[in-house]
Amino acid sequence: MQRTASAPTRLPRIVGADAPVPLEDGRRVPYANFDYAASAPCLEAVHDAVTRALPYYSSVHRGAGYASQVTTAAYERARETVRVFIGAWERASVVFTRNTTDAMNLLAHALPPRTTVVVFETEHHATLLPWRRAVRLPAPATPVEAVAAADRALAAAPQGPRLLVVTAASNVTGELWPVAELAEVARRRGARIAVDAAQFVPHRPLDMTALGLDYVAFSGHKLYAPFGAGVLAGRSDWLRAAEPYLRGGGATVSVGERTRWAADPQQRHEAGTPNVLGAVALAAACETLAAAGWDALVAEEERLLARLRRGLARVPAVRELSLWGERHPRVGIVSFTVDGWNARDVALRLSGEYGIGVRDGKFCAHPFVRHLLADRPDDRPDTPRAAGGGGCADAAAPASAVRASLGLGTTDEHVDRLVNALSAIGAVC
């Protein structure tokens, strides 16, 4: 999905990279954050961009004052920056939303009547749940099977609009999906394709035009811009024809006996005062990552990911989750179980004893995690012990997993600390 390699510079820095956190024994250690896939910390460049924008923060689009003019220009410039960042065509719509979930619900709202949606059960709930008329496909055994299954489902779908919805990178395993091949299948079957890029764009460059994608959704809070902005970008016709997602100021041309709604989807579906600072932050993150050079960013992440996975492979109690095998390409996300431990206890102990932050649970992808855990019982709640408590869980199959996700603030010391901690935890049982 890479367009062109840009010249590398020093890696961008995050705010609070060395922030200390307390341990149960009273010590304080630098935080080892392995929860980037949930919400990434703020880039220093994003912080600076928001700070520069605050003195002129004002209303957008309808204010005549200088501050309103400055803010409006910044907001619309952010829209263009995002468009370029994801390689969308010049006339593509870029609608600012709250996050990926909001963006996918906006797209679901805009679908023409009787649209058939084809989606895999491996998706995040944001991409799995919004659709009114969906064909859910089971987890494919291989990438080739994913393409074949999508082809069969689109061919069998009733006449009318059809939409294939797929992730670019799994939020559970980090594995990359064959988006280019799936887009080709959609085109061949006269369907459109929408891609959840929330876990992809923080790690890899994306080119919507080259891939032939119709829609892309992603979140700022996973892209080092934690200010509550997201994006739905893509074709304008369905969005232009749909009723406004929200009804209110900014979405209208005139209001009287009859309300006339704005034809431009970027106005039509952004009613109310928008999250200007969120858009500014998101644009700053896009500019910062692009300027850093994707070759450098990807190389460093792959080095750290390989170090982590090699370390985990040496811990007998740790079992990594994967859909397509350990050699399949992925971004910096690893989910795993620890023999004899439920996931919450592992996460609590990592935090309380080692200053490590991970995510535990089913990661808003319940059907997929159930599949990866081989359909073992998972509806009984885990019973967590106090962090650092002794003893092991019952020998029952795991109900959930632990996820470690990497980002720009991850260091070799963080990786080694996590591996050593899991070695100690796993040795207890």
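Good morning. I begin with strand β10, residues 230-234: 5 of its 5 residues are buried, so the strand is largely enclosed by the rest of the structure. Buried here means under 20% relative accessible area, exposed means over 50%, and partly exposed lies in between, with a 1.4 Å probe and protein chains only. Strands are DSSP runs of E of at least two residues, helices are runs of H or I of at least four, and both are numbered from the N terminus.

Please note that this is a predicted model, in which local features need pLDDT of at least 70 and side-chain atom pairs count only at pLDDT 80 or more, while totals for chains, interfaces and linings use all residues. Residues are numbered from 1 along each chain as its sequence is written, and side-chain values use heavy atoms, with hydrogens and water left out.

To return to β10, G230, L232 and G234 point one way, V231 and A233 point the other way, and all are buried. What are the partners of this strand? Strand β4, residues 93-97, runs antiparallel to β10 and is joined to it by 5 bridges. Within that pairing, V94 has A233 as its bridge partner, and T97 stands opposite G230. Strand β9, residues 215-219, also pairs with β10 in the antiparallel sense, over 5 bridges, and here F218 is opposite V231. Two strands are taken to pair if DSSP finds at least two bridges between them.

These strands belong to an open sheet of 7 strands with mixed pairing, in the order β4-β10-β9-β8-β7-β5-β6. Its edge strands are β4 and β6 (134-137), each of which pairs on one side only. From one strand to the next, the twist averages 20°. Helix α2 packs on the sheet, where it touches β4, β9 and β10, and its direction makes about 115° with that of β4. Contact means heavy atoms within 4.5 Å. Axes are lines fitted to C-alpha atoms, for helices over the stretch in contact, and angles run from 0 to 180 degrees between N-to-C directions.

I turn next to a pair of helices. The axes of α10 (residues 276-292) and α11 (residues 294-313) come within 5 Å and cross at roughly 85°. The two helices are therefore roughly perpendicular to each other; that term covers 65 to 115 degrees, with under 35 roughly parallel, over 145 roughly antiparallel and the rest oblique. At the contact, L289, A290 and A292 of α10 meet W294, A296 and L297 of α11. These residues divide into 6 nonpolar, no polar and no charged. Nonpolar covers Ala, Val, Leu, Ile, Met, Phe, Trp, Tyr, Cys and Pro; charged covers Asp, Glu, Lys and Arg; the others, Gly among them, are polar.

Two loop residues other than glycine have positive phi values. For H61, in the loop between α1 (44-53) and α2 (66-85), phi is near 75°. For Y224, in the loop between β9 and β10, phi is near 65°. Are these residues buried or exposed? H61 is partly exposed, at 41% relative accessible area, whereas Y224 is buried, at 3%.

Finally, the cysteines. How many disulfides does the whole structure contain? The search finds 0, a disulfide being a pair of cysteine sulfur atoms within 2.5 Å. The closest cysteine sulfur to that of C286 is in C42, 13 Å away and therefore too far for a bond. C286 is buried, at 1% relative accessible area, whereas C364 is partly exposed, at 42%.
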